[in-house]
Structures are given as C-alpha cells and as structure tokens.
Amino acid sequence: MNKFWVVALETYKRNVKSVTFLVMLLAPLLIIGIGALSGFIGSKMGEADEIAVVSDNEVIRQAFLEQSDLTIVEKFDTEPEAEQALKDDKIGGYLAIAIDEETQKLTGSYIGTSAMGTTDKMMTTQILSSIQMSFISQELGLTGDDLQKLLTPADLSEKTVKVEDGKITEAKGNQLAMMIVSMLVSVAMFMIITLYSQIVAQEVASEKGTRIMEIILSSTKASKHFYGKMMGILMVILTQLIAYVLAFVAAFPLVKNLDIVKDFLKVVPLKDLAKSLLGYNMLFLLLGVMIYTIAAAFSGSLVSKAEDASKAVVPVSYLSMAGYFLTIFLGMNSPNHLLFRISSFIPFLSSYTMPQRIASGGVKDTEVIISLVILAVSVVLLLKLSATLYKSTALVYSDAGMWKTLRQSIGNNHTNKAD
Amino acid sequence: MLEVKNLNKTFGSLKAVDDVSFAVPGGKILGLIGQNGAGKSTTFRLILDFLSPDSGEILWNGAPLTEKNYNEIGYLPEERGLYPKISIEDQLIFFAKLRGKTKKEISPLIDQWMENFQVKGKKSDKIKSLSKGNQQKVQVIATLIHSPKLIILDEPFSGLDPVNAELLKDAILALKEQGSSVIFSSHNMENVEKICDHLIMLRDGAVVLDGAVHDIRHQFERTKLLIDSKLPMEAISEIEGVNRVVRRVDGILQVDLANEKVGEEIFRLGADLGYMPIFSQTPPTLEEIFKMKVGENHE
C-alpha cells in the first residue's frame with residue numbers, strides 16, 4: 001500500500017477509535033437533545049396556577065372564559081370572593097377585567113402570587129383586545145365584513161434582484177434558505193475548527209514529543225507523512241459530518257410532522273436548503289475547514305511537546321473567531337460594508353464571510369469564483385509550504401519558542417535538500 | 001554496503017562531524033563509540049538524510065541513499081518513540097507497513113519475535129501499559145522485524161539489563177548472518193568488543209580510532225598487568241617503569257606499566273619466589289583506550 005494511505009488510515013483509525021472522538025460526535029447531539037427535552041418539560045410540566053376571572057360585566061367575563069384556555073376556577077366570580085380565595089391559597093391569582101364605558105376600552109389587571117407566563121400574558125392580551133374590538137365595532141355599527149377589512153394588514157412583498165452589467169435580473173434561490181444555510185455553514189465551521197484545531201496540533205506535536213518522527217522519517221518522506229496525516233484528519237472530520245447527516249436523515253421522518261417543523265418547511269422547503277448547501281457554500285465550508293486544519297497542523301509542528309500544542313493553535317483559533325464574529329456582527333447588519341466585502345476575498349476569513357454575502361445577495365458570481373480560486377490556491381500553497389517546513393520543524397528538538405523554531409526551520413530548509 | 005565519505009557538518013560554529021569516512025560491508029557490524037556530543041547521533045542523522053551534510057557523500061550499494069531504499073532501513077533512535085495508546089501488534093504492523101510490508105507478512109512473525117525478546121505481555125496490550133524495558137524491546141522488534149538490510153542502532157543497549165542485552169546481541173548477530181550491514185553506537189565497550197567487526201571512535205566529530213577491534217587493542221603495548229604472586233605490593237611499586245599498583249578486592253594486583261619490557265622483569269622476580277597462579281599482561285581494554293583517547297589533548 002502507498003505509504004501516504006498507510007499514514008492516512010493509521011491517523012484515521014487512531015482518532016476515530018479514541019474516546020475524544022466519541023464525545024465530540026455525541027456532544028452536539030446531546031446539547032440538541034437536552035435543549036429539546038427541557039423545552040418539552042417546560043411546555044408539559046409547567047403546570048399553570050389555577051386562577052379566577054372577575055368582571056363587573058358578565059358578558060365580557062363569559063366571552064373571556066370561552067376563548068381562554070387558562071385553568072380558570074369559575075366559582076369565584078366577584079372580586080372580593082377572588083381576593084378571599086387568593087388569601088386562602090385556593091387560587092394562584094385572579095384577573096380583574098374592567099371596561100371604560102365611555103371609550104369601550106378594556107383593562108385587565110392580574111393579581112397573583114407569581115407573574116404570568118409569557119405565553120399566557122400574550123394570549124390574555126389578545127383575547128382582551130378581540131373582546132374590546134367586538135365591543136367597539138358593535139358601538140360603531142360595523143358589520144363583520146367591515147371588521148374583516150379593517151383587520152386585514154397591508155401586504156409587503158420582498159424581492160432580491162441581481163444587478164449585473166447594468167441589467168436587473170431575478171436572484172435565484174430562496175433568500176431565507178440561503179441565509180439559514182450561510183449561518184449553518186458559519187456555525188458548523190466554527191465548531192469544527194474549534195474542536196479539531198486542537199486535535200490536529202496535538203496529533204502533530206505528540207509525535208515529536210515521542211520521537212516517533214525519526215522512525216517515520218527514515219521510512220517515508222516528511223511531506224508524504226504530512227499529507228497522509230492531513231488526509232487522515234479530514235477523513236475523521238468527514239466521518240463526523242456524515243454521521244450528522246445520517247442522524248438527520250434518520251430523525252427527519254420522526255420530526256417532519258411536528259407543527260414547528262411543518263411551518264418551517266413551508267417557508268423554507270428542504271429542496272431549497274439542500275440546493276443552497278450543495279453549491280458554493282459546501283465548497284467554502286470544505287476549503288475553509290481544510291485551510292484551518294493545515295494551519296493548525298503547521299502550528300503544532302512548531303512546538304516539540306504535546307502539552308504546548310494548545311498554545312500553538314491560539315492564533316488559528318483567533319483567526320477563526322475573527323471570521324465568525326465578522327459574520328455575526330458585521331455581516332448580519334451590513335453585508336455590503338467595505339470591510340466585509342474585502343474580507344470575503346481573504347483566505348481564512350472568506351469561508352465565513354462569503355456565504356453570508358451570497359445569502360444577502362449583491363455579490364456577483366465572478367466575485368464568488370475569484371474568492372473561491374484565491375482560497376483554493378491558498379490551501380494548496382499553505383499545504384506545500386507546511387509540508388516543506390515540516391521536514392525541518394519535525395526534527396527540531398529544542399525547547400525554543402515557536403518563532404525561533406520557525407526561523408530555524410526556514411533557515412535549515414535552505415541547506416537541506418529539497419524534499 | 002554502506003559507504004560514508006568525507007562527511008562534514010557544522011552547526012553554527014560547532015563542528016559536529018569532521019571529515020568522517022567509513023564503510024560497512026554486508027554481513028559486517030560497525031561500532032561507533034565516543035562521548036556524549038562526539039557526533040555519533042549526528043552521523044546517523046546525516047546517513048538517514050534528517051540533516052544535510054555540508055560536504056561528503058553517503059552511498060548505499062554504490063548509489064546515494066534515497067527514498068527507494070527506505071524499506072531496507074531499520075533505525076532505532078536514541079530516544080524511543082512509540083504510540084502509547086495503541087497495541088503492540090498495531091504498533092509493529094504500522095511501522096512495518098511504513099517499511100513496505102503488509103499486515104499478512106508481519107502478523108505471523110510477531111509472536112516469535114516477542115518470545116525471542118521475552119516481552120512480558122500480550123500483543124493486544126497497549127504500549128503504555130508496558131514497563132520501560134518492555135517498551136524498549138518492542139521498539140527493537142519494530143526496528144528489526146522487517147529484516148532490514150541497513151540497520152542503524154543509536155545506543156541500543158542503554159537501559160537493557162545484561163540478559164536482555166544478550167538477547168539483543170543475538171538478534172543483531174542473526175541479522176548480520178543474513179548479510180545485513182549493521183552500524184551501532186554504544187557507551188558499553190564490552191558489547192562493542194564482543195560483536196563488532198570494526199570500530200570507529202569519534203571525538204569532537206573527528207575519527208580518532210579506526211580499525212578492527214583486535215587491531216586497535218594491539219596498536220597499544222601490553223602495559224596492563226594482572227598478577228597474583230608472592231611478590232609484595234611495595235616491591236612491585238618500587239620497580240622502575242611501574243606507574244601504579246592497585247590491589248583489587250580479590251587480592252590480585254593490577255599494575256600499570258610504562259612499557260612492555262617492565263613486565264619481563266616483574267615475571268622474573270615473581271617466578272623466583274615460586275608458583276604464580278596469575279600473570280596476565282595485555283594491551284589496554286577498549287574502555288581504557290576510550291578513556292585515554294577522550295583525555296588526550298583535553299587537559
């Protein structure tokens with residue numbers, strides 16, 4: 001077998017079998033699971049207090065009782081009774097509804113031992129408003145049709161277009177889907193880089209720490225070993241991503257009938273999501289992960305002990321953070337800001353910022369392609385450079401700082417035979 | 001056959017390897033001795049192309065040593081390196097694969113090698129669960145299991161007890177029988193003396209001794225004398241040409257002579273007094289030569 005694959009498969013096997021990988025694989029699922037579970041518990045277990053509803057106007061009270069699905073104890077129907085019941089701890093609170101006979105304005109006041117829940121509050125306001133509205137419309141002598149007309153909101157339509165060569169063309173794709181996907185790409189990339197940069201650097205530095213390097217370098221070329229390692233790590237990352245895709249495919253039939261999912265899919269069909277994900281965004285994600293992985297590996301090769309690996313990747317993490325925050329803070333609000341536009345061509349940052357620009361429109365295809373080409377070329381160059389320097393950094397045994405090691409390795413490289 | 005010709009390497013102002021030349025034919029063992037920092041490891045690293053020489057040539061079977069030859073190399077670095085978290089078997093197979101072997105070829109050999117080296121533990125045991133000595137044996141097995149043709153061992157005996165050192169010696173001799181070229185460095189002169197065909201001593205990067213072990217020793221006069229006789233210690237130390245007399249714990253006298261001739265006089269005096277169970281006049285041991293060479297021009 002080609003030694004490149006020997007190294008790649010060994011790296012892959014060693015990492016996938018590790019406990020760290022299992023934890024990393026399950027962590028996001030666990031977080032989603034815990035989130036979903038607590039949401040579920042919140043909705044089901046949040047046993048509401050029993051309350052009373054009182055009003056001088058029995059019509060209003062009946063209308064409220066009809067529309068509300070709060071847990072209402074109907075037998076307390078006057079304010080003093082309700083107050084007494086509250087004192088006796090029979091109810092958690094009561095809602096007193098008053099009406100200003102002149103303006104027909106309803107005022108509800110809730111007196112209770114604890115605040116109303118947000119949903120309850122919203123619903124109560126809504127019911128009161130609708131009762132108020134029907135009172136007013138009656139007074140004004142409006143028919144049901146009139147009321148309907150009054151209540152119909154104005155339409156606002158939105159259409160994103162592309163301006164190319166002075167012509168306006170319709171932008172392709174579902175704007176919202178693209179927005180969601182660009183967010184997804186940013187978050188996924190940020191997570192992957194945060195999780196893996198450490199692992200990659202550790203992987204490289206630990207070999208130096210144990211001097212396995214000398215045996216490996218007497219078996220194969222340093223560059224081949226480096227490429228193999230990168231391939232192995234990429235395979236680990238892909239494994240994790242594929243695991244999530246499979247988890248999604250498996251879980252989808254279970255959740256697709258939930259109302260929230262249905263509503264979401266109505267606005268953003270799966271097809272649009274997939275279309276948006278599989279295009280440029282996927283390329284930016286993959287190349288972005290690659291360039292950061294290589295940078296992390298290179299940083300790892302500059303230190304000689306596994307313990308120092310976490311220090312070595314700090315610059316890489318910061319770079320990733322910069323790209324992420326640029327997208328979150330600048331990209332969300334003003335995707336056409338000059339700084340943001342420039343950043344979408346800079347390797348390391350472009351993987352975060354370009355998908356955001358694509359989603360918000362206003363970027364030409366040629367710009368996207370130029371940015372992609374710059375990124376791809378940078379990946380190749382960084383890979384070559386790292387592999388070349390790797391030969392000398394891998395065998396620098398000193399405790400010298402990273403900068404010194406880097407300078408030394410560049411210096412050595414002049415005298416060393418080209419690899 | 002490995003040939004090293006006029007190898008030079010400097011680090012800054014330090015001359016690490018100074019015009020070193022030697023050859024190791026197939027089926028021969030070369031011992032490289034010298035103090036710490038004498039240039040032994042640097043020489044190995046130059047041979048293996050971890051470092052590039054300032055000048056000089058390294059030839060393997062008449063051609064420069066390149067990637068093509070990597071599968072024929074067995075290299076034991078001075079400091080050991082194994083993956084702590086994988087099993088002995090996986091470790092050996094991975095390194096062998098890197099030497100172009102397949103799992104099929106290596107797997108059946110592992111049990112035999114582990115038995116030969118008396119590695120305590122199962123081949124499914126993780127490396128980190130092994131004692132240091134056993135880890136070192138695994139490292140040695142990883143160096144030799146693919147039957148390399150060029151074997152480079154940097155301090156292979158350090159950290160091994162005499163029994164295990166003997167096992168390693170047997171393994172090296174077996175590979176020599178198969179026609180491999182072996183080169184190793186050591187501090188332990190006894191091992192060097194026993195298995196080396198040829199010896200190089202480095203000091204400050206330069207060769208100070210070069211030759212067959214026997215020849216080297218016999219370049220020196222027989223100035224070391226062990227004697228067990230009726231001659232009192234004081235009488236011996238008063239003889240002209242005797243530099244030093246020391247009584248060993250077993251009662252035998254150890255005498256340093258200025259030259260070989262003095263031995264004849266001591267023999268005559270001793271024999272006059274009757275039976276003399278021990279009279280052994282030899283050239284200095286390798287260790288003594290080593291110490292002498294290290295000291296030369298240094299004080």
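A polar contact here is a pair of N or O atoms within 3.5 Å, where, within protein, one must be able to donate a hydrogen and the other to accept it. Keep that cut-off in mind as we walk through this model, which is a predicted one.

Let's start in chain B with Arg203(B), which sits in strand E9, residues 198-203. Its side chain reaches over to the backbone oxygen of Lys293(B) at 2.4 Å, so the pair falls inside the 3.5 Å limit for a polar contact. Is Arg203(B) buried or exposed? Its relative accessibility is 14%, and because buried means under 20%, Arg203(B) counts as buried.

Now hop to Asn164(B), part of helix H5, which covers residues 162-177 of chain B. Asn164(B) has a relative accessible area of 11%, so it is buried too. What does its side chain link up with? The partner is the side chain of Lys137(B), through a polar contact of 3.1 Å. If you ignore the neighbours within four places in sequence, Asn164(B) is in contact with Phe117(B) as well as Lys137(B).

Staying in chain B, have a look at strands E12 (residues 242-247) and E13 (residues 253-257). They run antiparallel and pair over five bridges.

Take two of them and check the model.

Finally, the largest pocket. It holds about 1800 Å³ of space and is lined by 38 residues. Nearest its centre are Ile32(A), Leu184(A), Tyr244(A), Val245(A) and Phe248(A). Which elements give two or more residues to that lining? They are helices H2 (19-45), H7 (175-209), H9 (222-255), H10 (259-267) and H11 (270-301) of chain A. H9(A) gives the most, with 12 residues.

Conventions. Residues are numbered from 1 along each chain as its sequence is written. Chains are lettered from A and ligands numbered from 1 in the order in which they are written. This is a predicted model: local features need pLDDT of at least 70, side-chain atom pairs count only at pLDDT 80 or more; totals for chains, interfaces and linings use all residues. Side-chain values use heavy atoms; hydrogens and water are left out. Two strands pair if DSSP finds at least two bridges between them. Helices (H or I, at least four residues) and strands (E, at least two) are DSSP runs, numbered from the N terminus. Buried means under 20% relative accessible area, exposed over 50%, partly exposed in between (1.4 Å probe, protein chains only). Contact means heavy atoms within 4.5 Å. On a 1 Å grid over the protein atoms alone, a cavity is a set of points where a 1.4 Å probe fits but cannot get out, and a pocket is an open set with protein on both sides within 12 Å along at least five of seven lines; lining residues have an atom within 4 Å of a point. Grid points are joined across faces, edges and corners, and a volume is the space filled by probe spheres set on the points.
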